[in-house]
Amino acid sequence: MEWINTMLELLPFSFLQYDFMKNAFLAVLLLAPLFALLGTMTVNNNMAFFSDALGHSALTGIGIGTLLGLKEPLFCMIAFGIFLSLAITKVKDGTTSSDTIISVFSSTAMAIGIVILSQEGGFAKFSSYLIGDVLTVTQKDLLLIFVVLLLSYFIWALLYNSLLLVSVNPSLAVSRNVNARFTENVFVVLVAITVMVSIRLMGILTINSLLILPAAAARNVVTNAKAYHWLTTAIGLISALSGLVLSYEMGTSAGASIVVVAALFFFITFFMAKINK
Amino acid sequence: MGIHNSCGLCRVELKQVSVKSGSDILLDNINLEFHCGQLTALIGRNGAGKTTLLKAILGEKKHSGKIYYEKHDGNEMKHPTIGYVPQQLLFDKNMPLSVADFMMAAKSKIPVWAGYQRAEKQKLKKRLSEMDCDHVLDKKLGLLSGGELQRVLLTMAIDPMPDLLILDEPVSGVDATGLDLFYKKVTFLRNTYHIAILLVSHDLALIHRYADKVVLLDKTVAEQGDAKDVFATKAFRQTFGYFSGEDTKWNG
């Protein structure tokens, strides 16, 4: 880690003299490409509402962790997130509108979480999860996020084409020997892990925007998969770094500041697309 | 029609194939056989189970019974190559996905976000030009017309050349010229590569002209045989009314 610190100090940002800012800087540097990667497919598959529900369900994960007396609820959050995402994927194949199904799961999970966490009026100590705090990131967190990023890129190299075919037409994907159900499940599990690993840093209320906005901004102006992927990554990185600087200068929430910058990108590309039409 | 494709599929036989969904019986004891070098048309009312049968053959829907692929030497073909042209693509039309991306995703292991080689793209262009469709290669998939999309899908379905080509109502939203072009191409494929083709369509006039065999489906096989024989049966008349000739087109 020492050489990374030295490298960071060479950058022309005064805030990087603080260790907690160094860690926060590294965290958003790792999270931005991770969210960009998964965001492109989440938006392609019209799953913005799904990932939103997943974020809210973190409360139940935290709640279960607390009930079990765990100091660190991350494991419970990941386990519950995976369970919920697989359950939604399974149920939404039926006839009921997937909108309704996701809403039912989302509200239930959030309510259970709040019920558990608000026992004896103690919700306040969990409220930091709502808006997140990237400054509390530890080196252990960074390592974990790095591992998830590597894993995601690995899966993205193996399964991306299959995911693309499934999102256009599942039967066509099957005719190409793609296991549609498996591919879809791997993707939602990956989203669940990513959301849960980063939610303490980015906040339950803002995490979905980080996933959706860079991809939504990029797709306004691109026509192919390669441009989509790289422009989303670029927008994600620029939003994350400038959002972090803004939050440092203004003393605001990092997650929300990043979202504001990403939203700005969305409106810029949105009007660019309108003008070009 | 002496040229057989390299894999040498001879016939496909469905033995007692049934599909259930909960307590609903979607397909009931289908016994059916179709051959290479033939265009078999599947007709029936809406909800007769045509698409379900295609999905069972594709392996997407669980079914009981057996779907058996026999090679020319009489042995079973374990893993036939199946080409599939879906009825429609219900995807987000704004998806940033070019025709080249889509075709490459179906063909290549290299993820399309990493890009692809110019030579590979040239190959796709050449294949599309055989369908008079090479101008769409860099277009967004969601912006293609019905006819362009069908030709792109057909181009993909025959690369690699399949043993069995499945066309699900492949001409919805396509004008008459595009439709004729599509069927001429399909007939050419049948004659040249001797592949088995299974077609679902409502267009009885076209079926009358192009199909070698017609299967009337109503949960199970109601009638099968030559187009003119099937069209003369009572079961056919109950579903479609009288078929008076090629000028008449049904959309029932």
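Reader: At about what angle to strand 2 of chain B does helix 1 of chain B run?

Author: In this predicted model, helix 1 of chain B, made of residues 50–58, lies across strand 1, strand 2 and strand 4 of chain B. Its direction is compared here with that of strand 2 of chain B, and the angle between the two is about 65°.

Reader: In what order do the 3 strands of that open sheet in chain B stand?

Author: The edge strands are strand 2 and strand 4 (64–71) of chain B, each of which pairs on one side only. Strand 1 of chain B is joined to strand 4 of chain B by 7 bridges, and strand 1 of chain B also pairs with strand 2 of chain B over 8 bridges. The pairing in this sheet is antiparallel, and the order of the strands is 2-1-4.

Reader: Which residue in the turn of the hairpin formed by strand 1 and strand 2 of chain B has a positive phi?

Author: Strand 1 covers residues 9–21 of chain B and strand 2 covers residues 24–35, with K20(B) having I25(B) as its bridge partner in strand 2. The hairpin has 2 residues between its strands, and the residue in the turn with a positive phi, of about 65°, is G22(B).

Reader: Which residue stands opposite I166(B) in strand 7 of chain B?

Author: A further open sheet of chain B has 6 strands in the order 5-6-7-3-8-9, with mixed pairing, and helix 1 of chain B lies across several of its strands, including strand 6, to which the helix runs at about 150°. Strand 6 (residues 164–168) and strand 7 (residues 196–200) of chain B run parallel and are joined by 5 bridges. In strand 7 of chain B, the residue opposite I166(B) is L198(B).

Reader: Which element gives the most residues to the largest nonpolar core?

Author: The largest nonpolar core has 162 residues, and those with the most contacts inside it are A27(A), A262(A) and I166(B). This core draws at least three residues from each of domain 1 and domain 2 of chain B. Leaving aside its neighbours within four places in sequence, A27(A) is in contact with residues that include V134(A), L142(A) and L201(A). The element that gives the most to the core, with 15 residues, is helix 2 of chain A.

Reader: Why is helix 3 of chain A described as largely enclosed by the rest of the structure?

Author: The helix spans residues 48–56 of chain A, and its buried residues, among them F50(A), L54(A) and H56(A), pack against helices of chain A that include helix 2 (19–44), helix 5 (74–92) and helix 10 (180–202). Helix 3 of chain A is therefore largely enclosed, because the number of its 9 residues that are buried is 7.

Reader: Which helix of chain A gives the most to the side that touches chain B?

Author: In the contact between the chains, 25 residues of chain A meet 26 residues of chain B. The elements of chain A that give two or more residues to this side are helix 8 (139–168), helix 9 (170–175) and helix 12 (225–250). The residues on this side of chain A divide into 12 nonpolar, 10 polar and 3 charged. The one that gives the most, with 8 residues, is helix 8 of chain A.

Reader: How far apart do the C-alpha centres of domain 1 and domain 2 of chain B lie?

Author: Chain B is divided into domain 1, which takes in 1–81 and 164–241, and domain 2, which takes in 91–159. The separation of their C-alpha centres is 26 Å.

Notes. Residues numbered from 1 in each chain as written. Chains lettered and ligands numbered in written order. Predicted model: local features only at pLDDT ≥ 70, side-chain atom pairs only at ≥ 80, totals over all residues. Pairing = 2+ DSSP bridges. Helix = DSSP H or I, 4+ residues; strand = E, 2+ residues; numbered from the N terminus. Buried ≥ 20, exposed ≤ 12 C-beta atoms within 10 Å, placed from the backbone. Contact = placed C-beta atoms within 7 Å. Nonpolar A, V, L, I, M, F, W, Y, C, P; charged D, E, K, R; others polar. Domains from an automatic or database assignment. Core = buried A, V, L, I, M, F, W, Y, C linked by C-beta atoms within 7 Å. Axes fitted to C-alpha atoms, helices over the stretch in contact; angles between N-to-C directions.
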